[in-house]
Amino acid sequence: MEMMSTRRPHFGLHLWISISIILFVQSHSFYLPGVAPEDFQKGDLLKVKVNKLTSTKTQLPYSYYSLPYCPPEKIVDSAENLGEVLRGDRIENSPYVFKMREPQMCNVLCRVTLDAKTAKAFREKIDDEYRVNMILDNLPLVVPIRRMDQESAIIYQHGFHVGLKGHYTGTKEEKYFIHNHLAFTVKFHKDPQTESARIVGFEVKPFSIKHEYEGKWSDNTRLATCDPHAKRSVTNSESPLEVEDKKEIIFTYDVDFQESDVKWAYRWDTYLLMADDQIHWFSIVNSLMIVLFLSGMVAMIMLRTLYRDISKYNQLETQEEAQEETGWKLVHGDVFRPPTNSDLLCVYVGTGVQFFGMILVTMMFAVFGFLSPSNRGGLMTAMLLLWVFMGLFAGYSSVRLYKMFKGTEWKKIALRTAFLFPGSVFAVFFVLNALIWGEKSSGAVPFGTMFALVVLWFGISVPLVFVGAYVGFRKPAPEDPVKTNKIPRQIPEQAWYMNPAFSILIGGILPFGAVFIELFFILTSIWLQQFYYIFGFLFIVFVILIITCAEITIVLCYFQLCSEDYLWWWRSYLTSGSSALYLFLYAAFYFFTKLEITKPVSGVLYFGYMLIASYAFFALTGTIGFYACFWFTRLIYSSVKID
C-alpha cells in the first residue's frame with residue numbers, strides 16, 4: 001500500500017500537466033482555418049456566396065432561392081462534401097459583387113413584384129424567424145448586436161432575419177416587413193509591405209425600407225430614398241416595406257470597408273466566442289473537479305476493500321473456514337458462465353468499440369485543430385469515415401468475446417455486428433429524411449448522397465467487420481482464471497437495493513453527471529445553430545466519462561458479486577449504458593424549456609435525432625462499463641487461491 005501512495009502524486013501531476021496543455025491549446029485558439037489565405041489587391045472582385053435559410057423554430061433549412069430573391073444570370077452550386085450535404089448546406093453564387101477596398105453606396109440589385117404565392121412564402125419565413133446565411137472568403141455573414149447588460153459587449157448573430165413582424169403606431173394589426181436593404185461591412189487586415197489585404201470580417205446591418213422613385217421604373221431610375229449621387233444612404237427603417245400581394249420590392253445594398261488589427265489566423269475568434277463564456281468555463285471545470293473527487297474516493301474505497309478481502313481469503317487455512325465465508329469468492333464457479341443472449345451482448349460490445357474508436361480519433365483531430373468550423377462539414381465527414389473504418393475493431397471485439405463464450409459461428413456474429421446498429425439507425429434516418437423531403441426542405445439528403453452512404457456501409461464497413469472478425473476468431477480465446485461448474489449455483493434472494501433495475505438506473509446517474517453541463521452547450525450549438533469549438537474541454541469531459549463509467553460499474557459489480565449474484569455480464573453493460581436514458585430525458589427537458597419548436601414535423605425530427613444520439617451513447621458507455629467490469633472480475637478471481 002505504501003508503494004501505491006507514493007505513486008499517486010505522480011499520476012495527479014501527469015493528469016494536471018495534460019489538462020493544462022489541453023487548456024493552453026484551447027485558450028490560444030489553436031486551429032487550422034480550413035482554407036489557405038487569399039490576398040486581395042485594391043479593386044479585386046469579391047464574390048459573395050449564399051447558403052441555406054435557417055430557423056431555430058423549425059430546424060428545416062431551405063435553399064436561398066426558394067424565396068424570390070434576386071438571382072444571378074446562372075445559379076451555380078459550389079462543390080460540397082458529404083458533411084455539408086448531410087447538414088443541409090446549399091452553397092450557391094449570388095448577384096452581390098464587391099470590389100476590394102472600394103466602398104459602394106445604394107447599389108440596386110433588382111426589382112421584384114410579389115404575387116399572392118411569393119408574398120405568402122415570405123410571410124411564412126418571417127413567421128418562423130428564418131435567417132439568410134451568406135459567405136465571403138469562407139467567412140459566414142454575421143449581424144453584430146450590442147448586449148444591453150454590458151455596454152461594450154457585442155455578440156454576433158449568424159445570418160440576418162428575412163424580415164420582422166410589427167404594427168404601425170396607433171394600430172394593433174400585425175404587419176410583415178421584409179429586409180430589402182443590406183449595409184455590408186467587410187473588415188480587412190492590410191500587409192504594410194505589399195499593400196495586399198486579407199478579409200478578416202464580414203458583417204451586415206439589415207433594413208426594411210420602402211424605396212421611392214419618380215416616373216416609371218427603368219435600369220437608370222434613381223431612388224429618392226437611397227441615392228449615391230446625393231450622398232443619401234439608408235440609416236434606419238422608419239418607412240418599412242410591407243410584404244403584400246402586388247407590392248414591389250427593390251433590393252439594394254451598401255458596402256463599406258474597414259481596416260482591422262485582427263490577423264487572418266485569428267479571424268474566426270469572434271465567431272467562436274460563445275455567450276456567457278465565463279459561466280461556461282467555470283461550470284465545466286467545477287463539474288470536472290467534482291467528478292474527479294468522486295472518482296478518487298471510489299477508487300480509494302475499492303482498493304482498500306479489495307486489498308483487505310484478498311488478504312483475508314488468502315490467509316484462510318482450512319476448508320471449514322472457507323465454507324463459513326460468504327461473498328464474491330463463493331461464486332467463482334459460476335462467474336464466467338456465458339450469459340443468456342450472449343450473441344447479442346457480443347454484437348453490442350463490438351458496436352461500442354466501434355464508437356469508442358471513432359470518438360477518440362475524432363476528438364484527437366479536433367483538439368489539434370484539424371476539424372475547425374471553417375472547414376464546413378469536416379467534423380461530420382470525419383466521423384462518418386472513421387465509423388466506417390472502425391468496423392475492423394468492431395468485428396474483432398465482438399467475435400473475440402464470442403469465441404470466449406465457446407461460440408463457433410463467427411460469421412453470424414460478424415453479420416449481426418455489421419447490420420444491427422447501422423441498420424436500425426439507417427431505418428430511423430430514412431423515415432426522418434422522408435419527412436424533411438415532404439416539407440420540401442434543402443435538409444433532405446439527395447438520392448445520390450443516400451446511395452454514397454449505402455456504398456460506404458456495404459462496400460467498406462461490412463467487409464472490414466468481417467476482416468476484423470476473421471482475425472479475432474483465428475486468435476486463441478483468453479482462458480478464464482477459474483473453472484466453471486457444470487451445475488449453476490442458486491442465487492440467494494437479493495436485498496431491494498440490489499434489484500437489477502434499481503442498480504442499473506442508479507449506475508447511470510454519475511456518468512450522466514459528468515457530461516450534462518457540456519451536453520447543454522452541445523445541444524445549443526446543434527439546435528440553436530451556434531459554433532461549437534471547445535474541443536479541449538470536451539476531450540477532458542470524455543476522459544472523465546470513461547473513468548466514471550468504469551468506476552461506477554466496477555463498484556456495483558463488486559457489490560453484486562458480494563451478494564452472491566454472478567449474473568454480471570449484461571448488468572455491467574446496462575449499468576453505465578443507462579446513462580443514455582438520462583441523456584434522452586435531458587434532451588426532452590431541453591426541448592420544452594429552451595427551444596421554441598412549434599411544427600410537429602420539427603418535433604419528430606428533434607426526438608428522432610436525439611433517439612439516435614442516445615442509442616449511440618448507450619453503446620459507447622455500456623461497452624466502457626462492460627470492459628471495466630470484465631477486467632475487474634478477471635483480476636480479482638486470478639488474485640485469490642481457489643481450493
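Predicted model: local features only at pLDDT ≥ 70, side-chain atom pairs only at ≥ 80, totals over all residues.
1. Phe-516 counts as partly exposed because its relative accessibility is 33%, where buried means under 20% relative accessible area, exposed over 50%, and partly exposed in between, with a 1.4 Å probe and protein chains only. Phe-516 belongs to helix H13, residues 509-527, and helices here are DSSP runs of H or I of at least four residues, while strands are DSSP runs of E of at least two, both numbered from the N terminus.

2. Residues are numbered from 1 along each chain as its sequence is written, and side-chain values use heavy atoms, with hydrogens and water left out.

3. Taken as a whole, the protein has 17 helices and 13 strands, and 50% of its 643 residues count as buried. If contact is taken as heavy atoms within 4.5 Å, then 81% of the contacts between residues at least 6 apart in sequence join residues at least 24 apart.

4. Val-48, in strand S1 (residues 45-54), counts as buried because its relative accessibility is 2%. Setting aside residues up to four places away in sequence, Val-48 touches Asn-93, Ser-94, Tyr-96, Phe-98, Met-134, Ile-135, Leu-136 and Phe-202. The C-alpha atoms of Val-48 and Leu-141 are separated by 9.8 Å, although the two residues are 93 residues apart along the chain.

5. Helix H3, residues 116-127, has 12 residues and reaches 16 Å from its first C-alpha to its last, close to the 16 Å expected at 1.5 Å a residue; the expected span is 1.5 Å times one less than the number of residues. Thr-118, Ala-119, Ala-121, Phe-122, Lys-125 and Ile-126 are the buried residues of H3. Seen down the axis of H3, these buried residues fall within an arc of 160 degrees, so they line one face of the helix, the arc being that of the directions from the helix axis to the C-beta atoms. The buried residues of H3 pack against strand S9 (163-166), strand S10 (175-178) and strand S13 (248-259). At the start of H3, a side-chain oxygen of Asp-115 comes to within 3.1 Å of the backbone nitrogen of Lys-117.

6. Two backbone angles deserve a reader's attention. Most residues other than glycine have a negative phi. Glu-129, which is not a glycine, has a positive phi of about 55 degrees, and its place is in the loop between H3 and strand S4 (131-136). With a relative accessible area of 36%, Glu-129 is partly exposed. Asn-138 also has a positive phi, near 70 degrees, in a residue other than glycine, and its place is in the loop between S4 and strand S5 (139-140). Asn-138 counts as buried, at 13% relative accessibility.

7. Within H8, the residues Gly-378, Thr-381, Ala-382, Leu-386, Trp-387 and Val-388 are buried. The buried residues of H8 pack against helix H2 (82-87), helix H7 (342-367), helix H9 (391-404), helix H10 (410-438) and helix H11 (447-474).

8. The structure holds five cavities of 30 Å³ or more, a cavity being a set of points, on a 1 Å grid over the protein atoms alone, where a 1.4 Å probe fits but cannot get out, with lining residues having an atom within 4 Å of a point. The second largest cavity has about 60 Å³ of space, where grid points are joined across faces, edges and corners and a volume is the space filled by probe spheres set on the points. Its lining consists of Ser-503, Thr-553, Leu-556, Cys-557, Gln-560, Trp-568, Arg-571, Ser-572, Thr-575 and Cys-629. Helix H14 (535-562) and helix H15 (569-577) each supply at least two of the lining residues, and H14 gives the most, with four residues.

9. Gln-560, one of the residues lining that cavity, is found in helix H14 and counts as buried at 2% relative accessibility. Leaving aside neighbours within four places in sequence, Gln-560 is in contact with Met-498, Asp-565, Tyr-566, Leu-567, Trp-568 and Arg-571.

Terms used. Polar contact = N/O pair within 3.5 Å; in protein donor to acceptor, adjacent residues only side chain to side chain. 1 Å grid on protein atoms, 1.4 Å probe; cavity = no way out; pocket = protein on both sides within 12 Å on 5 of 7 lines; lining within 4 Å.
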